[in-house]
Structure formats: C-alpha cells, structure tokens
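Here are my notes on the structure you asked me to look over. Please read them with the model open beside you.

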Amino acid sequence: MASEEPHHSPKSPPTPTSNDACTASRADEHSHGTCAKCGGPTAYSSAPQGFPGISPPPSYRPIRAPAINLSPESLRSQQKAIMLAPVPQPQKVVLISPPYDFKVPTKRINSPEDIKRFLSSDSAGNFLGFVAALSESTRGRKISDTCHQSAAVNSIVTILETLIRWVDEIPPAPQSSRYGNIAYRTWQERLLEQSESMMLTVLPSDFKSSTIEIIPYFMDSFGNSSRIDYGTGHETNFAAWLYCLARMGIVREEDYQALVSRVFVTYLELMRKLQLVYCLEPAGSHGVWGLDDYHFLPFIFGSAQLIDHKYMKPKSIHNEDILENFSNEYMYLSCITFIKKVKKGLFAEHSPLLDDISGVPHWKKVNSGLLKMYKAEVLEKVPIMQHFLFGWLINWE
C-alpha cells in the first residue's frame, strides 16, 4: 500500500521519529548540509528506485511533508461529525459457502463517491463489525490471560515469528541516508517468495485456491517495499487478511481474544522491529491524524483491555511507574511506552492528540471514540483506501 497523505491537528509539530542520536528535521539538514543538532555533515541518497514487480509512486515524497493545517472551523466540524457518529458495533462475520469464487483482488476506490459507496456496503459494515468484535473480545483482559488458541491461530503466530527471525538474518545495509534502509527490500523479496507456502500452513485443503485472493492482503500488511514505508493502511490490510480467514471459518469467534493477544501482539512486535531496524518511513507526515506515526488498531484494542480497570485511568499514561510495570500486559500502555522511546521532547508536543485523550475520564469513552475515529480517519480517507483491494471475500458492491 502506498503512502498516505498527512492529516492531523494544526498544533501537531513535524517531529522526526527515530532512535538515532541526531533527530533534527531533515528539511533543515537538507537546506544547510549539516545536522542541526550535532553540526556534523550529512549525506543524502537519491530517491528510492523502483522495485522489480512493484509500481513506483508517481513522485518520491521525503519523510515529514508539510502538514495540512485545517482551519479551526473545519477542524471543529470534523470533530463534531465524529462525535455525533454512531459507535461501530461488533458483528458476526458472514461465512462463505460453496461454490467458491476466489479471484485476484483489485483496487476500486478513486474518489469520495467511491468511499461513500464502500462504507454503505455490507462488506464495509461487516469488516468494521469484525474490528469492533476483536476489540470487545479483549475487553478487561490482559495480554497474558489464558485464551482459546486454535491450530490456525498457532500457525499464524508461527508465521509472524518466522518473519521476526528474518529481520535478524537480514541486517540493515550500510548507507548514508538515515531513513529507508534498502535491506528491507531483501526482507520483502523473501516474503514474496515464501508467502504461498506460508498461507498453505494455515489453509485447509479445500481452501487452497483462496491463495490468489488472500496473499495480496498478506503481502501488503508489512509496508511498501518501493517506498520503504508503513502506515495505518498496511495495518488495515493485516486486519483484512484476518477477516478473510474469518469469512472462510478458519478462525472463529472463540479465537478472537487470541487474535488480539497472541496474533496482533506478535504482529506489533514484528512491525516495531521492522520500523527500527530498517528505518521505515511513516506512510504520511504524522500517521493519519496524529495518534501515532504508524499504528491505530492497537490503541483500539488496548483501550478495550483497560475498560473498567480498578486503578488505571486514561491519565495514567503519564505515570512512568505504571508504564514500566504494565506495558507488557496492556497494548495501549505499550504503544505509549514505544512512542516515548523513539520520540524526543515533551509528550504533549510530539503526541498532542494522545495527550488530549488522556484527559477523557473513562476508557470506555476512549474506546468508543477510537472506533468512530478509525472509521472516519482511516476507512473514509481516499489517500488510504484508494489502495485497498476488493475480490470475492471483500466484495465491491
């Protein structure tokens, strides 16, 4: 999936995200030829070249493009629309039945009218209901809590653990540019070569023909090899891949808690490793709208975990002791800990929206608000959804 356009609060600064010692903005470095923080010389490689088999973007846009500053009136209008929108509710996944008609999925969204058509469809409603059901399945539960783990869930976790191991086997290439390490393309090449055999470890024999449809979702779940970037659109593809498995009955409702606490937690571990080791650029200036440079879904699932918690409130994200002791059990706290690890400066400055959310009194309100925002700020955005694929399992209606 390609880069997403920046869209976030006007007060959200274009803060670089990196664990590099020098975190000055690339724009300043490029214009002066020296690092604004340490004063040392900098070198820049040319824009990424096309990757065999993958169409390059129309033009290369370096990390941290200028933010689109909405007028206060437009911002208030968008916020009001989200507040008034109904909260997405859990839905049972509609199972498929023979005869099967698996097909290579294609892009269908090109305009706001296409977005409206998609969101009014049963496919969109059922997919969003699946996300809400995953959120509900982990409500009030810690990551380490026991849960039902089917053979399919265990196979998916094994696949993700294999992908994590590949990162250790494919070290970053020495290069002068700070972002977008080209070794990531080698990792993606190996993924492409082995994707079909990996799918067959999850699929029953009567669903082997589905590989032509589900592999594209799987391949697009881990970032774009041409741009060497990752964003909420890729994350949505991973959720779509799980949804396809659910439509085939390979994962069932009793697996949902494990899909979050085992599968998605491992997926998040993989993506953080890819982001740090290969310095993946965010697919957009500040993620979609300012929650995080890369992710959205773990905030939904993580806030559900904390609903009705006896002690921890949304404001607890500012308590370092709580983050240190409980981030391994609660996905939301894990996300906050990771952000604080890779970003410098005041939390309220580099993550203003998350700082605002910490003032909400209850996690239930945070969770319902994030579900509505996921629909409005991910599934309703043409720059993201124009790359989404439609086949038979997720049908264009």
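Over which residues does pLDDT stay under 50?

1. Confidence at the start of the chain. The model is predicted, and pLDDT stays under 50 over residues 1-69. The model still has 154 contacts beyond four places in sequence for residues 1-69. Where pLDDT is low, the predicted coordinates should not be read in detail.

2. Confidence overall. The protein averages a pLDDT of 84. Of the residues, 78% score at least 70. The points on single residues below should be read with this in mind.

3. The protein has 16 helices and four strands. It has 397 residues, and buried residues make up 56% of them. The accessible surface comes to about 17,200 Å², and carbon and sulfur atoms account for 54% of that surface.

4. Contacts along the sequence. Take the contacts between residues at least 6 apart in sequence: 80% of them join residues at least 24 apart.

5. Helix H9. This helix covers residues 256-277, which is 22 residues. From its first C-alpha to its last it reaches 30 Å, close to the 32 Å expected at 1.5 Å a residue. Even so, H9 has a bend of about 30 degrees, located at Phe 264. The helix is mostly covered, with 17 of its 22 residues buried. After H9 comes Cys 279, which has a positive phi near 50 degrees.

6. Gln 275 lies in helix H9. Is Gln 275 buried or exposed? Its relative accessible area is 5%, so Gln 275 is buried, the cut-off for buried being under 20%. Setting aside neighbours within four places in sequence, Gln 275 is in contact with Tyr 230, Leu 280, Tyr 294, His 295 and Phe 338.

7. Cysteines. How many disulfides does the structure hold? The number is zero.

8. A cis peptide bond. The bond from Pro 98 to Pro 99 is cis, and its omega is near 5 degrees. Pro 99 sits in the loop between helix H2 (72-84) and strand E1 (106-107).

9. Positive phi in a buried residue. Ile 228 is not a glycine, yet its phi is positive, about 55 degrees. It is found in the loop between helix H7 (211-219) and strand E2 (229-230). Why does Ile 228 count as buried? Because its relative accessibility is 1%, and buried means under 20%.

10. Positive phi in an exposed residue. Asp 308, a residue other than glycine, has a positive phi near 65 degrees. The loop that holds Asp 308 runs between helix H10 (297-305) and helix H11 (320-326). At 69% relative accessibility Asp 308 counts as exposed, because exposed means over 50%. Ile 228 and Asp 308 both have a positive phi, but Ile 228 is buried, whereas Asp 308 is exposed.

Note on methods. Residues are numbered from 1 along each chain as its sequence is written. This is a predicted model: local features need pLDDT of at least 70, side-chain atom pairs count only at pLDDT 80 or more; totals for chains, interfaces and linings use all residues. Side-chain values use heavy atoms; hydrogens and water are left out. Helices (H or I, at least four residues) and strands (E, at least two) are DSSP runs, numbered from the N terminus. Buried means under 20% relative accessible area, exposed over 50%, partly exposed in between (1.4 Å probe, protein chains only). Contact means heavy atoms within 4.5 Å. Accessible areas come from the Shrake-Rupley method with a 1.4 Å probe; for residues, only the protein chains shown count as cover. pLDDT is the predictor's confidence in each residue, from 0 to 100. The expected span of a helix is 1.5 Å times one less than its number of residues. The bend at a residue is the angle between axes fitted to the seven residues ending there and the seven starting there. A disulfide is a pair of cysteine sulfur atoms within 2.5 Å.
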